[in-house]
Amino acid sequence: MKTSKNRASKILVWINIISLLVFIFILLEVVYNGFLVRLDPIISSFMSSIKNDFLTNLSIAVSFIFDIKSVIIISLILSAYLWARFSKKDSMLFISAMVLNGGILYILKELIQRARPLNSLVAESSFAFPSAHTSTAIVFFGLLIYLTSKKKESKNLKLNALWISIFMILLICFARLYLNAHWFSDVLGGIAIGMFILTGCIILREKMYGFGEN
């Protein structure tokens with residue numbers, strides 16, 4: 001059992017390191033107009049070619065619901081529920097991770113100051129890189145997967161939570177690209193920095209309280 005926990009802990013550390021390296025690579029691609037930046041207009045053009053009312057309304061709704069401010073409010077409510085009903089440690093993990101995610105994204109956007117696509121279907125006032133919606137989705141649903149995996153519920157319930165979370169992350173990524181609110185490299189950067197923040201917070205939690213402890 002201890003060996004299994006140690007293995008899981010090492011995997012988390014490797015994912016954390018790889019996520020950071022991938023983010024740095026994407027950041028350099030954006031700053032120095034690399035291959036990913038040349039790919040961005042191709043993806044943007046494709047998204048423009050598949051536009052229809054259903055996908056437009058769906059993408060706008062998804063983007064509104066999972067705006068970083070909305071998700072932080074949802075996270076506060078969920079954290080309060082976790083604090084009252086289950087684990088104060090997990091409650092602190094959840095809200096701390098979401099606040100940290102918001103702070104890091106704000107700093108990165110202000111430092112890089114990348115402009116959004118001109119043909120966006122929604123009005124956005126912040127800078128483009130990295131995608132806040134994407135990073136926030138990774139951290140939010142990643143934490144739900146992590147917290148669910150620690151519980152003693154049935155295997156089917158855990159698998160359902162996993163697949164629903166993955167589906168929602170993919171849907172949010174698609175919505176941001178479909179609305180041309182972000183370049184493809186913005187979304188990739190959001191995934192990478194989100195994974196770095198998510199795994200970093202989980203690793204810190206496990207180091208403080210022990211792997212798998214409530």
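Predicted model: local features only at pLDDT ≥ 70, side-chain atom pairs only at ≥ 80, totals over all residues.
Me: How many salt bridges does a search of the whole structure find?
Reply: The search finds four.

Me: Why is the contact of Arg114 with Asp40 called a salt bridge?
Reply: The cut-off is 4 Å between a side-chain nitrogen of Lys or Arg and a carboxyl oxygen of Asp or Glu. Here the closest N and O atoms are 2.8 Å apart. That is within the limit, so the pair counts as a salt bridge.

Me: What parts of the chain does this pair link?
Reply: Distant ones. Arg114 sits in the loop between α5 (88-112) and α6 (132-149). Asp40 belongs to helix α2 (residues 35-49). They are 74 residues apart. Both Arg114 and Asp40 are buried.

Me: What makes Arg176 and Glu124 a pair that ties parts together?
Reply: Their side chains meet in a salt bridge, 2.8 Å from N to O. Arg176 lies in helix α7 (residues 155-178), Glu124 in the loop between α5 and α6, so the pair joins parts 52 residues apart in sequence.

Me: How do you know whether Arg176 is buried or exposed?
Reply: Its relative accessible area is 1%. Buried means under 20%, so Arg176 is buried.

Me: Why is Glu124 called partly exposed?
Reply: Glu124 has a relative accessible area of 31%.

Me: What makes Arg205 count as buried?
Reply: Arg205 has 3% relative accessibility, and the limit is under 20%, so it counts as buried. Its salt-bridge partner is Glu206, with the closest N and O atoms 4.0 Å apart. Glu206 is buried too, at 8%.

Me: Which residues do salt bridges with shared partners join into one network?
Reply: Asp40, Arg114 and Asp186.

Methods
Residues numbered from 1 in each chain as written. Heavy atoms only, no water. Helix = DSSP H or I, 4+ residues; strand = E, 2+ residues; numbered from the N terminus. Buried < 20%, exposed > 50% of the residue type's maximum accessible area, 1.4 Å probe, protein only.
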